[in-house]
Number of protein chains: 2
Amino acid sequence: MEATKATATAKNLVFYPFLYVIWSDAVLRDQEWQTLQSIIRDFTWMEKEDKATLLTKVTQGNAPDRQEIAHWFATVKAVVLGGAEYNNLADISLALAKKELPADWVKENGRQLAKDLQKLEENLGIVGRSAIYRFKEDHPTQTTAHGTEMAFSVEELARFLDGDQAGIIRKVKSLIQKPAFDYVDPGDLAVYREQVLIWCKIVADAGFGKIGYPRAQGGEGDMEAYFSVMETLSYRDLSMVIKFGVQFGLWGMSILSLGTEKHHAKYLPKIGTLELPGCFAMTETNHGSNVRGIETTATYHHRDKTFTIHTPHRLARKEYIGNAALHGRMATVFAKLIIDGTDYGVSAFIVPLRDENGSTLPGIHIEDCGRKMGLNGVDNGLISFDQVIVPLENMLDRFAKVNEQGEFETPIASDNKRFFTMLGTLVGGRIGIPRSAIAASKSGLAIAIRYGDQRRQFGPEGGEEVPILNYRMHQRRLMPLLAKTYAGHFAMQYMTKRFMKRKESEMQELEALAAGLKSYITWNTTATLQECREACGGKGYLSENRIDALKNDTEIYTTFEGDNTVLMQLVAKSRLSAYRDQFENMNFFTIVTYVASKTKTSLTEKNPLIVRNTDESHLTDPDFQLNAFDYRASDLVDSAARRMRRLIGDGMDPFDAFNVCQHHFVNVGKAFIEKVVLEQFIHAVKTSKGQSYEKVLKKLCDLYALHTIEENKGWYLEQGYLEGVKTKAIRKLINQLCWEIRKDAVPLVNAFDIPEACLSAPILTKQSS
Amino acid sequence: MEATKATATAKNLVFYPFLYVIWSDAVLRDQEWQTLQSIIRDFTWMEKEDKATLLTKVTQGNAPDRQEIAHWFATVKAVVLGGAEYNNLADISLALAKKELPADWVKENGRQLAKDLQKLEENLGIVGRSAIYRFKEDHPTQTTAHGTEMAFSVEELARFLDGDQAGIIRKVKSLIQKPAFDYVDPGDLAVYREQVLIWCKIVADAGFGKIGYPRAQGGEGDMEAYFSVMETLSYRDLSMVIKFGVQFGLWGMSILSLGTEKHHAKYLPKIGTLELPGCFAMTETNHGSNVRGIETTATYHHRDKTFTIHTPHRLARKEYIGNAALHGRMATVFAKLIIDGTDYGVSAFIVPLRDENGSTLPGIHIEDCGRKMGLNGVDNGLISFDQVIVPLENMLDRFAKVNEQGEFETPIASDNKRFFTMLGTLVGGRIGIPRSAIAASKSGLAIAIRYGDQRRQFGPEGGEEVPILNYRMHQRRLMPLLAKTYAGHFAMQYMTKRFMKRKESEMQELEALAAGLKSYITWNTTATLQECREACGGKGYLSENRIDALKNDTEIYTTFEGDNTVLMQLVAKSRLSAYRDQFENMNFFTIVTYVASKTKTSLTEKNPLIVRNTDESHLTDPDFQLNAFDYRASDLVDSAARRMRRLIGDGMDPFDAFNVCQHHFVNVGKAFIEKVVLEQFIHAVKTSKGQSYEKVLKKLCDLYALHTIEENKGWYLEQGYLEGVKTKAIRKLINQLCWEIRKDAVPLVNAFDIPEACLSAPILTKQSS
């Protein structure tokens, strides 16, 4: 009788693994408690009395106490740690039975017991292999074992990224990591703005401001170096970068591009040293994107050979003008030239704003734009002119002038064409901004990826916590952005080289390219920094970790130097007019020269064997990738041209037709730019042949290509260019690439070679404290 | 001879429309100049001499002067304004010929002339109907004529949105539009934080802080009203809202939910009046999402019946704690309870932080988190405890206590389960945050949409500038977000009602619902405010227009109260375990009860007639929409369950399997929540039957449904649930809905009834100044 009792209790013991899981985790419903009980009642290998005892343990509301749970846990754990491998709870139950119950009984009932308990396990939905780890002391997994590897030379890749600009980049980096450039709190606008001015002065003193100006004016005539400076400075404070860009780029370059020798000689030397801070006053409150419509007037008086600069009404004030609120002494002002009551279109004039003491001059009214979302170290202002008189020589007269007889003279008779030609000479701004944006993306990714490599959270049952970058979702969030940033880097190197070697006949194309890349890259930067913020969680929200500044300072990059959405439409329009229309001209499709056609390639590509080809070798073949990008770029512009013709043919007003297709046009612009970006990435991979970093660049390039295809997979599926099996294979390969690139991710951001003093995020160091 | 010459010149005159367009806009290439010349040479109706003259006018580099262009323009304009309608430039040329050349000549040559010039027009790609408007003085288009209409009663819709909470909402609105709540510059943290404290005090004085507390403690026992207060306050400063939430929600509700009668009586009255400012100290530096792993200890000493609260190391400090840096006097501190060396899991303790003068108490070390991306009116801090002693009674003992004998007692024996049950009682925070987020989205949309309705930029050739909201792209950017915000509004009303009527047995489900909606809605808010910023251009970047604060303050909503990505995985997990696992428990799939199955419905839906059905009546049928959402939600959870089983069956460690499927799980969570949101939107439309706003709500609901389907169209196409013809029809219908809803957009944001003093954006008023 005694023995029977012991066995009886012991029989309940086989149920311990289940009791533990049920009471420590599960939340059973009324129905489920009943099912559980009825399954137990059906056990053929358990006596009625034992069942009764067991049933009390699995009764809703009749919770065990802590000691009992601890006892179950300890008993099960002793078995699990015994050495054997178990695949489910029923296995453990059987082992418990073998250990504690008479061998005869086990021989007779063991099989049924295991079968019944397995059924129960399935019914409860317990994933036994996972639950078992509750009772183990270690839990090695692939996810845990994953991590950073050093598969290539970071130094070599860094050198490759810098290319022939390594020298100037090194100089700028060595300057900006000095303590003089330590970040300041942006809370007090006055303090921050003064600091940014001081920084710009240091940078100018080092000779970086004038580097792009002609040697005759003290510069080095090296515009490529100027862009490298702007990009590299962007690893530090971005207000400094924009103030730098306003002074040496917008203000100085407007003198250089729109003025003539006399202006260059008089102003550039002082601009290049920051002795003469100035502004670029084009945008007005009522005319930002549609800048051709500005209303400021410059009325010529032949008697005294002067212009009167005037703001006709409040909404025609110059707005958002950098350097205006505090430091600017002069401005390049865009205004409609009026001679004898005739409007000769927009020209640019040098207008003094302040005297040497910083007091505004008579007729100049300046209002501070106040606090902004970011870039608070830049003193933006609103300027209005109340009959301000400037001498004839202050007209920037490269493209138009007033002659000795007081007559208007110009080599470009059309006011439109002249205006857009003027704008075209300022295209450099659309190169500087995306290059700065790329640097900001690099900083954000360096912070988020290095943090993700250190930060541990959650882990397998019974195992240690895992670096969050080992999670597939975290990789999915950051790795494609890393690939896009590398892609953007190579694309902007290409853009810069094209710009340096530009010919007159390429200007429309280069303007479209610069505008498209500016939009594409700055949008990516916004998205990248958003993801970096979220990926760093609460730490990403603290200003000290710098994503705040990076994100908010670059936020306006998508708007200034041309609103991205407008620019993408202009890119599309320039594609449809085959670059035969002035780039900036938003006249709504006066010229559509694009002839829609289905190319042979696209027909070939819809070959059923290809639309379903899921081989990795095919998906990573640059020919497939390029063809996919090219197909999309061509098809979208084709269909846009056809659609426009059809709508207009059907009698719709061209402006309305344009509006109907507007969304389509933005996609035309994007697809075109993506194609250019992929081409350059593939070219960079080719160039790195045989180098230690070739493989990782190829992976990044594949990720860029496939991820972009995935972003547009709805379109590809709609077109029948890809079938579902292939898009699924692409998704899988992207996941795999993310998983693999994760190992290289820290070296890849280290190859950006951003000075630690510039990154400055305490989360990158505090972890170890 | 004289007459002949005149005719000769006049023949060139028919070419004026072309000359004007070529020289004022087009940028011809070398090749194109040649083509143009060769076409002219082939004119049979022009004498050699005339051709020679004309050819000089179309020679690259031989630009006309301004007077000549003006003459062409004036000549053409005179004809165009003559009254007749012209469809292309060749038509105008013919009219010029008829006007200026001998009738005989025209009779003989007119036909060929028109034919030749039409060919030329096509060759140059000139869209004649567009180019003609250069010469007109007015250009009416559908796009120009579009605008705001008043098709429903804004007041009635506002009443419908407020529902039975109208009373409390009205009271809060009337308070927060007072000048005492005028915004302050966030630059000076000290000033801003004091101001926010003052605002909270005013709100508390009005009785809104304690409104959710029991009547016995001075409240009104109205949690629903509490949520309405939090949402409505969010039209004002969001730092105030979060400080309000920390004080009355987190701090007060932790006492209410985790403590017992003695704590309620002692603390709640003073908390509800803000006499006793406090903190909620759960998160630690090393444990945010995985909060179960916190390391702060509370060691019990039975001799003197006290706990010693201690921070074992720097990375176990409580971090980001609101109210900690300056104002908090006490905190609910989560710590592991240790009795006689045994760890009894996490419990909560009331720990005094500061004396009445605000000085920190012995053993308390507080560090200021400093400036943040937003919410700078909230004083977040890091707290560490150096052997701080608190009495036994300070343990919040609803779920566990130390009894008279110094023994641990609890009704929930499992530490895990008890911890997650404790967290579950705090689910209200996950309702307050998305409701605040919805209000922020509403504010952002009110600003961006009203601005878009006023702001004009570009327009048809020769016509006036058009409100930017008339552009399809602008509509595409904002209208779906307006629909999502309405959708979120109804979903959160549903969530709140479910919460108010909650039963114990529904808790796992409600926690999943709250977490999923919190993630879905706060992510939408981030995306919405991003788009609003860009849609307002430079104006959106100025802090005065408030998108800065709205965007940066809500940025952390996606992280706090649970990281969105983690929460979506938990939602998925709760779906796979059929709500049988404690919601917050991120043990990686110990329980998967979901039984994968292909439902009949989904098979039916793949009927070829349906997957290609593009009828508008079908696409706007709630049954189709719900089925599509349901199919996706079901299929994703089905396939996730199958995938998990397969991977584990193939021998993969369950944690690794979880990791492989992580991206999939996030989609499971999202799809489930989207289904719930659509159901509630459809319900709201039904409820509004017969009302003036029924139609517009139906349109918004259709836009929400179709836009969400479009966002996932890649998936639907992959699955064969939709075919390309149908996704294209959906895109077209979305564009149409955006176009139509644009007319209602201003009334729709006005129906949010946000006090003007709260919106406060100068761009909404300055336009007219």
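Mentor: Start with the disulfide, which is a pair of cysteine sulfur atoms within 2.5 Å. This is a predicted model, where local features need pLDDT of at least 70, side-chain atom pairs count only at pLDDT 80 or more, and totals for chains, interfaces and linings use all residues. Residues are numbered from 1 along each chain as its sequence is written, chains are lettered from A and ligands numbered from 1 in the order in which they are written, and side-chain values use heavy atoms, with hydrogens and water left out.

Trainee: How do you know that C758(B) is too far from the closest cysteine sulfur for a bond?

Mentor: Its closest partner is the sulfur of C200(B), 15 Å away, so a bond is ruled out. For C701(A) the closest cysteine sulfur, in C738(A), is 14 Å off, also too far. Over all chains, the structure holds zero disulfides.

Trainee: What makes C758(B) count as buried or exposed?

Mentor: Buried means under 20% relative accessible area, exposed over 50%, partly exposed in between (1.4 Å probe, protein chains only). C758(B) has 0%, so buried it is. C701(A), at 2%, counts as buried too.

Trainee: Why is the pair E718(A) and K713(B) called a salt bridge?

Mentor: The rule wants a side-chain nitrogen of Lys or Arg within 4 Å of a carboxyl oxygen of Asp or Glu. Here the closest N and O atoms are 3.0 Å apart. Between chain A and chain B the count is 14 salt bridges.

Trainee: How do you know that the copies meet through the same surface?

Mentor: Contact means heavy atoms within 4.5 Å, and on that basis 144 residues of chain A and 143 residues of chain B take part. Of the interface residues of chain A, 99% are also interface residues in chain B, so the surface is the same.
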